[in-house]
There are 2 protein chains.
Amino acid sequence: MSALVDLKNRLAEINAIYAAAGMMSWDQQCYMPPGAGAARATHLSILSRMAHEMFTADEVAKALTQARSEVDPQSEEGALLRVVQRDFDMATKIPTALVEEKSRLEVESHEAWVAARKNNDFASFAPMLERMMEITRQEAEALGYRDHIYDAVLDRYEEGATAADVRAMFDTLRTPLVKLVQDIQERGKPTHDAALTGDWDQKKQSEFTELLAKSIGFDFTRGRQDTAHHPFCTGWSVNDVRITTRYLPYIGSAIFGTLHEAGHGMYEQNSPEKWDLTPLAGGVSLGIHESQSRLWENIVGRSRAFWRRFLPDLHSAFPALASMDLETWYRAINQVKPSLIRVEADEVTYNLHIMVRFEIECALLEGSVAVRDLPEIWNQKYQEYLGITPPNDSDGVLQDVHWSAGLVGYFPTYSMGNLLSYQFWNAMKKDLGDLDQFMADGQFTPILGWLKEKIYSQGRRYTPRDLVMQVTGKPMGAEDYLEGLTAKYRGIYDL
Amino acid sequence: MSALVDLKNRLAEINAIYAAAGMMSWDQQCYMPPGAGAARATHLSILSRMAHEMFTADEVAKALTQARSEVDPQSEEGALLRVVQRDFDMATKIPTALVEEKSRLEVESHEAWVAARKNNDFASFAPMLERMMEITRQEAEALGYRDHIYDAVLDRYEEGATAADVRAMFDTLRTPLVKLVQDIQERGKPTHDAALTGDWDQKKQSEFTELLAKSIGFDFTRGRQDTAHHPFCTGWSVNDVRITTRYLPYIGSAIFGTLHEAGHGMYEQNSPEKWDLTPLAGGVSLGIHESQSRLWENIVGRSRAFWRRFLPDLHSAFPALASMDLETWYRAINQVKPSLIRVEADEVTYNLHIMVRFEIECALLEGSVAVRDLPEIWNQKYQEYLGITPPNDSDGVLQDVHWSAGLVGYFPTYSMGNLLSYQFWNAMKKDLGDLDQFMADGQFTPILGWLKEKIYSQGRRYTPRDLVMQVTGKPMGAEDYLEGLTAKYRGIYDL
């Protein structure tokens with residue numbers, strides 16, 4: 001057996017374990033009965049340890065080294081070996097015991113987070129979060145970094161990105177965004193979205209959001225949508241991609257949550273079938289992944305053209321909204337208003353939410369802030385950046401699932417996604433012309449087709465930086481984003 | 001590390017893999033999108049192979065032998081080692097390649113069965129069934145047997161039972177059951193169940209069946225109910241037990257399907273927590289398991305006393321049934337009528353369905369019947385035993401999920417369960433007195449408590465034969481069953 005075949009067989013076994021663990025996590029968030037948490041934690045920690053041991057085994061190191069000497073680095077298999085090498089290098093740096101402990105803690109911590117959020121009880125969640133942050137620090141030290149401890153955790157999600165990059169990005173964004181928000185608040189023609197909050201039928205919301213997801217191209221024969229506390233996208237095959245949404249009094253939660261997750265889902269579903277169940281399938285980085293969820297949620301889903309097509313469907317699903325004409329609806333779903341909840345934030349203030357998290361994460365990793373002080377610091381920063389103070393921790397520091405799962409270094413990729421969504425969109429426009437007309441006609445195949453050809457079909461073959469260069473002809477920047485955002489919102493607010 | 005600790009650690013890893021595979025199978029039947037079959041087959045076959053390799057490893061053999069020499073056979077740990085030895089002996093006889101192939105085939109074959117049943121197309125399913133039967137024959141030969149090849153597959157589900165036992169059981173049942181059916185058909189006061197078929201709201205059915213399951217003691221904080229093509233019960237922890245039901249025009253499908261699966265589920269949920277995730281947890285054999293599902297479905301769920309308590313709830317959930325008084329309803333749900341579908345058969349004709357399957361399975365294993373001839377043979381036997389011929393294969397040979405999953409040797413345990421359900425019930429009556437009064441009062445705790453103490457809390461500690469002796473003071477027999485059934489139905493039909 002060649003080294004490459006040996007390696008692929010081993011990767012297939014590891015993939016099966018990760019798929020199983022992925023399904024267990026999905027089930028935990030969608031269906032698991034409350035009493036099953038301890039058993040789930042045991043199973044997931046054992047599976048994580050096994051997968052980690054199998055992946056970091058000496059035989060994998062040998063097969064990988066041997067295979068790399070035999071394969072053309074420019075070939076598809078060369079790309080496979082490159083990403084496996086990257087994953088392997090990261091995995092071998094982290095001790096198996098830490099992997100196992102983190103996995104167990106994730107389950108317990110998730111349950112604790114759900115309860116704490118429900119009961120507005122940060123203190124009950126704090127001990128688990130403290131341990132999770134300690135584990136994250138240990139991971140970061142084990143992974144290593146040149147300049148800042150944050151670089152180590154960020155690189156896991158966005159290959160090659162550093163805390164300095166993130167700071168530079170926010171420095172570029174801060175002034176124009178703050179100015180735009182100010183102008184809107186001081187001189188903008190008022191928008192009204194009160195009508196979007198009501199006692200909406202869950203089944204209707206589920207049917208309507210699935211109609212939207214299906215229309216833009218999420219394939220329900222190879223995926224499904226369920227309900228969870230926090231919208232997310234996961235999967236274990238290009239032919240089995242799961243998205244979730246939630247049904248709240250604000251109808252935009254389900255609509256834009258679904259479009260967002262469907263964006264992630266379509267990226268996963270459109271990896272080449274030949275790469276299914278291998279490390280080459282799926283999104284190349286979280287920033288690029290998020291560019292797709294944000295593109296479908298915001299550039300498509302919050303456009304006037306999109307609703308030219310779907311407003312009649314909205315009206316028939318929710319007769320209470322029938323009095324909203326296109327312009328009123330379009331302005332309502334694009335209302336800019338500093339608010340408490342990131343996932344429901346408008347496009348303009350969204351990055352301010354990320355800045356809060358990024359700064360807190362840096363401080364936590366540096367050790368300059370303690371977990372017990374988080375509610376206070378969180379509230380201070382919300383006051384500073386958004387001009388509002390959360391009335392409780394449930395809508396403050398407890399709002400996001402990420403930290404309970406040890407996902408530190410993840411948030412900045414949301415802002416990168418915002419930038420890239422506009423950058424990709426502009427590149428698409430150059431190729432395809434009038435994208436608004438496609439949307440107004442309900443023709444999403446050209447848009448999806450372009451994204452599929454340029455991005456989705458590449459899986460993890462290229463580094464995120466190379467992919468952005470290849471698709472847009474330039475590195476990631478804030479230009480397209482700021483230009484697009486400013487034009488859109490100056491229009492909406494008549495500035 | 002002691003041999004016992006080493007063994008337990010290994011068993012915990014194998015348990016995690018089986019739990020993952022169990023959840024993947026559950027998901028496949030409840031939620032999996034149709035396009036995901038191939039990926040699921042790949043994952044399940046890899047996981048099955050891994051678990052089989054891990055369990056049959058030399059280190060397990062060594063640890064098991066060593067541990068057995070160190071542990072008191074009469075202790076709990078002695079019981080653990082006994083069941084592990086039994087599982088190990090069976091597992092080591094089956095080649096890993098066969099395990100992997102069977103696991104892959106199960107997924108593909110399940111999808112093919114669902115489609116074939118839907119389209120009444122046995123021919124499309126036949127090639128997979130042929131291969132599955134070939135695998136089953138190979139397994140049986142590998143497992144070994146003394147008298148009949150069927151003994152090998154039956155012993156997997158019912159330790160120590162043989163084809164000769166099953167034949168003897170059916171020989172005892174045949175004459176009195178056929179006589180009872182004849183008397184009912186010829187001289188019985190007619191029953192009417194047409195009102196039970198209608199366009200029932202699915203949500204109401206789901207709520208009502210969950211009310212029943214909860215009332216008898218199925219713990220929804222440690223389990224849940226979903227919808228599937230075929231009702232089943234599965235689980236991967238005493239605190240995570242999943243049952244399914246289905247919603248058909250005949251309202252009894254969901255009601256008695258749920259009670260049946262809840263019976264299995266309560267058995268699983270009430271294994272001792274200290275044995276959770278170990279081979280000692282769960283049901284000791286399929287016959288004993290089935291005695292519990294049938295006890296709750298038939299002896300409890302089809303009793304007059306039970307509906308004395310729940311008829312008002314039924315009426316308020318389904319106003320169309322409000323005109324049915326207790327007696328009419330009781331007689332309707334106990335209507336005896338030779339019918340096509342086993343899972344919806346009445347108590348009296350039920351075993352006739354099993355006899356058909358048992359005889360066909362024996363013939364298939366002996367090689368005296370070919371898969372392609374199954375529809376014809378099936379229909380002949382239904383004519384012979386039940387006096388009716390299925391109008392199509394969907395309601396004939398394609399009705400059961402079992403063969404698609406290679407579950408051959410499984411059906412006779414349903415009849416054993418019927419016998420044992422009455423045998424256990426009579427033993428309980430001796431201890432607790434008037435069980436009807438408990439049921440009429442909606443007091444199921446004494447009943448569940450007795451079953452828990454005598455049966456559920458024993459897990460797999462004793463052999464099925466020993467457990468039956470221990471609980472009822474005699475070996476499994478047809479006496480209690482025939483007596484109970486005859487008394488009940490002669491009463492209902494005024495004979």
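In this predicted model, the domain assignment divides chain A into domain 1, spanning residues 3-121, and domain 2, spanning residues 163-492. Taken over C-alpha atoms, the centres of domain 1 and domain 2 of chain A are 27 Å apart. Where these domains meet, domain 1 of chain A contributes 24 residues and domain 2 of chain A contributes 22 residues. On the domain 1 side of this contact, two or more residues come from each of helix 1 (3-30), helix 4 (76-93) and helix 5 (96-119) of chain A. Helix 1 of chain A gives the most to that side, with nine residues. By residue class, the domain 1 side comprises 13 nonpolar, six polar and five charged residues.

Turning to the contact between chains, 32 residues of chain B and 31 residues of chain A take part. On the chain B side, the elements giving two or more residues are helix 1 (3-30), helix 2 (37-55), strand 1 (223-227) and strand 2 (233-237) of chain B. Here helix 1 of chain B gives the most, with eight residues. The chain B side divides into 19 nonpolar, seven polar and six charged residues.

A:V369 sits in the loop that links helix 14 (347-366) and helix 15 (374-386) of chain A. This residue counts as partly exposed because 18 C-beta neighbours lie inside 10 Å, whereas a buried residue would need 20 or more. Leaving aside neighbours within four places in sequence, A:V369 is in contact with A:I360, A:A363, A:L364 and A:I377.

Definitions and conventions:
Residues are numbered from 1 along each chain as its sequence is written. Chains are lettered from A and ligands numbered from 1 in the order in which they are written. This is a predicted model: local features need pLDDT of at least 70, side-chain atom pairs count only at pLDDT 80 or more; totals for chains, interfaces and linings use all residues. Helices (H or I, at least four residues) and strands (E, at least two) are DSSP runs, numbered from the N terminus. A residue is buried if 20 or more other C-beta atoms lie within 10 Å of its own, exposed if 12 or fewer, and partly exposed in between; C-beta atoms are placed from the backbone. Two residues are in contact if their C-beta atoms, placed from the backbone, lie within 7 Å. Domain bounds come from an automatic or database domain assignment. Ala, Val, Leu, Ile, Met, Phe, Trp, Tyr, Cys and Pro count as nonpolar, Asp, Glu, Lys and Arg as charged, and the others, Gly among them, as polar.
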